[in-house]
Structure formats: C-alpha cells, structure tokens
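I opened the notebook to look up the pockets of this structure. The overall fold comes after them.

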Amino acid sequence: MTRLFIVELVTFIIMVTVLQIVFVLGLIVLITLFVFEIRITDIVLMPDAYKILLKDYVKFYQQLDEEGKRKFEDRVQQFLSAVRITGVNAEVEDMDRVFIGAAAIIPVYSFPDWQYVNLHEVLVYPGTFNQDFDQAGWDRFVSGMVGSGAMQHVMIISKWQLRQGFINNSDTHNTAIHEFAHLIDKMDGTMDGVPEIILERRYIPQWMNIMNTTIQQMRSYGSDINMYGATNAVEFFAVVSEYFFERPDLLQAHHPELYRMLEKIFLRKEIS
C-alpha cells in the first residue's frame with residue numbers, strides 16, 4: 001500500500017512538473033509572437049500615400065535625415081494605431097490622419113518612448129465650434145480643444161484649421177500642434193503652462209520667469225506672438241509651441257531667449 005502510494009505521488013509530481021514546463025514554454029512562445037507581430041506592424045503598416053503626404057507638407061519631417069524620417073514614420077503609425085480618429089459631420093481622409101499623427105509626434109520627437117496616455121480619441125469637425133461643441137450658431141470661435149469631464153481623453157479639432165496648419169507654411173500657426181502642446185502640459189496632472197513632464201526641474205523657474213515676463217510685455221506693448229497667448233500661461237505655452245515649430249527662424253530672431261528655452265524644452269538642448 002505504501003509503495004503504491006509513493007508511485008502514484010511521484011507520477012502526480014512528474015505530471016504537474018511537465019504541465020508547468022509546457023505552460024511556461026507556451027507563454028514564452030505567445031509573448032515572442034506578440035512582440036514579433038508588433039515589430040512587423042510598426043515596420044510595414046504605413047502606406048506609401050502617407051509618406052508622400054509627409055514629404056509634401058510636413059516641414060519638420062522634410063528636415064530629418066533618412067534614418068530620422070523612418071523613425072518619424074514609425075512613430076506616426078504607432079500613434080495612429082493607438083488613437084481613434086473619428087469624423088463628426090466630416091469625412092476623415094488620409095491627409096487628416098497624417099496631419100494629426102505628425103502634429104502629435106513633432107513636439108515629442110526628442111522623447112522616443114513618449115506615449116499620449118491622456119488621449120484616446122480625436123474628433124474631427126468640419127469647421128469651428130463653440131464651447132459646448134455645437135457646430136451651428138453665431139458663437140463658433142473654437143478651432144481646437146482638449147476635452148475635460150465627460151470629454152476627458154478626447155481632442156476636438158476643426159478639419160479646415162488642421163489642414164491650414166500644414167498647408168500654409170508662411171505663418172506661425174498650427175492648431176493641431178497647439179492642442180498637442182496642451183496635452184503635454186496636462187501630462188503632469190496640471191495644465192498650467194509648465195510642462196514638467198519634459199522640462200527638467202532646475203529650469204522651471206527660468207521658464208516661468210521668461211513666460212510671465214513675455215506675457216506682460218505682450219499685454220503692454222503687443223507682439224508678433226499671437227495675442228491669444230497673453231490670455232494666460234496655459235495658452236502662452238501652446239501658442240509659442242506653434243511658433244517654435246512653424247517658424248523657428250522668426251522666433252529666434254525676434255525672441256532669442258524664449259527660443260533657447262523652447263529648444264531646451266522640446267529638443268533637450270542645454271541652455272548656455
């Protein structure tokens with residue numbers, strides 16, 4: 001009786017061990033296939049039509065070397081795979097998807113592991129809308145907005161303004177970059193014009209000083225910076241982010257200290 005019990009116990013232990021080994025091996029295979037599939041997707045999913053749009057309209061992309069362009073394409077595709085883009089009384093076309101993806105990656109290109117964890121969907125409206133997201137009426141002055149409350153994790157953007165931001169290369173405006181700057185600002189938990197998630201703590205006092213001083217100068221004397229940026233610190237950061245990526249030559253010429261600070265924020269360049 002004792003010998004039979006021991007044999008059965010040993011058999012049971014062997015069977016459990018074999019099942020554990022099989023389970024672990026199966027798990028390793030599944031993980032390997034999952035990672036491999038993601039890598040394949042990242043490499044092959046961007047259509048040639050998207051690359052042509054990047055080449056024709058996105059200045060930031062045009063100025064990258066070949067390796068940089070490939071990385072930019074991969075990151076745009078990863079963003080488009082992770083975030084829904086939905087038209088609301090508007091058709092979302094390839095151009096719209098590419099421009100939204102490009103605007104998302106441009107300000108965080110120097111941060112290779114960046115993910116917009118605070119964004120799940122972009123709603124594309126045909127034109128401007130009001131604070132209640134209505135597309136009709138006389139009070140439609142909003143061209144882009146980062147949602148809150150019930151609209152948390154949602155961005156709303158005007159299709160016309162989205163396209164103008166990339167088609168018109170002569171001005172300092174880009175509504176999509178403006179809204180993604182808000183999301184970056186919001187990532188640290190507070191939307192206050194201080195993007196602590198990407199700005200080293202030791203530079204925060206310097207940034208706040210430049211920001212507050214420039215806002216006061218704008219209010220007192222006007223500026224070539226869009227005056228909407230003088231509304232408050234939140235809008236200032238978004239407005240000068242547009243300026244920095246759209247016309248860095250003008251910003252450097254007219255506001256060299258502000259330009260150097262934004263280089264530190266977005267490009268990780270040391271401040272001399």
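Points join across faces, edges and corners, and a volume is the space filled by probe spheres set on them.

The model is predicted: local features need pLDDT of at least 70 and side-chain atom pairs 80 or more, while totals for chains, interfaces and linings use all residues. Residues are numbered from 1 along each chain, and side-chain values use heavy atoms, without hydrogens and water.

**Second largest pocket.** I read a volume of about 240 Å³. The lining includes Arg 75, Phe 79, Trp 114 and Leu 119. Helix α4 (residues 66-82) gives the most, four residues; helices here are DSSP runs of H or I, at least four residues, and strands are E runs of at least two, numbered from the N terminus. By class I noted eight nonpolar, two polar and two charged residues. Nonpolar covers Ala, Val, Leu, Ile, Met, Phe, Trp, Tyr, Cys and Pro, charged covers Asp, Glu, Lys and Arg, and the others, Gly among them, are polar.

**Largest pocket.** This one holds about 440 Å³. Of its 19 lining residues, Gly 144, His 178, Glu 179, Tyr 228 and Glu 235 lie nearest the centre. β3 (144-146), α7 (175-186) and α9 (233-246) each supply at least two lining residues.

**Fold.** I noted eleven helices and four strands in the protein chain.

Terms used. 1 Å grid on protein atoms, 1.4 Å probe; cavity = no way out; pocket = protein on both sides within 12 Å on 5 of 7 lines; lining within 4 Å.
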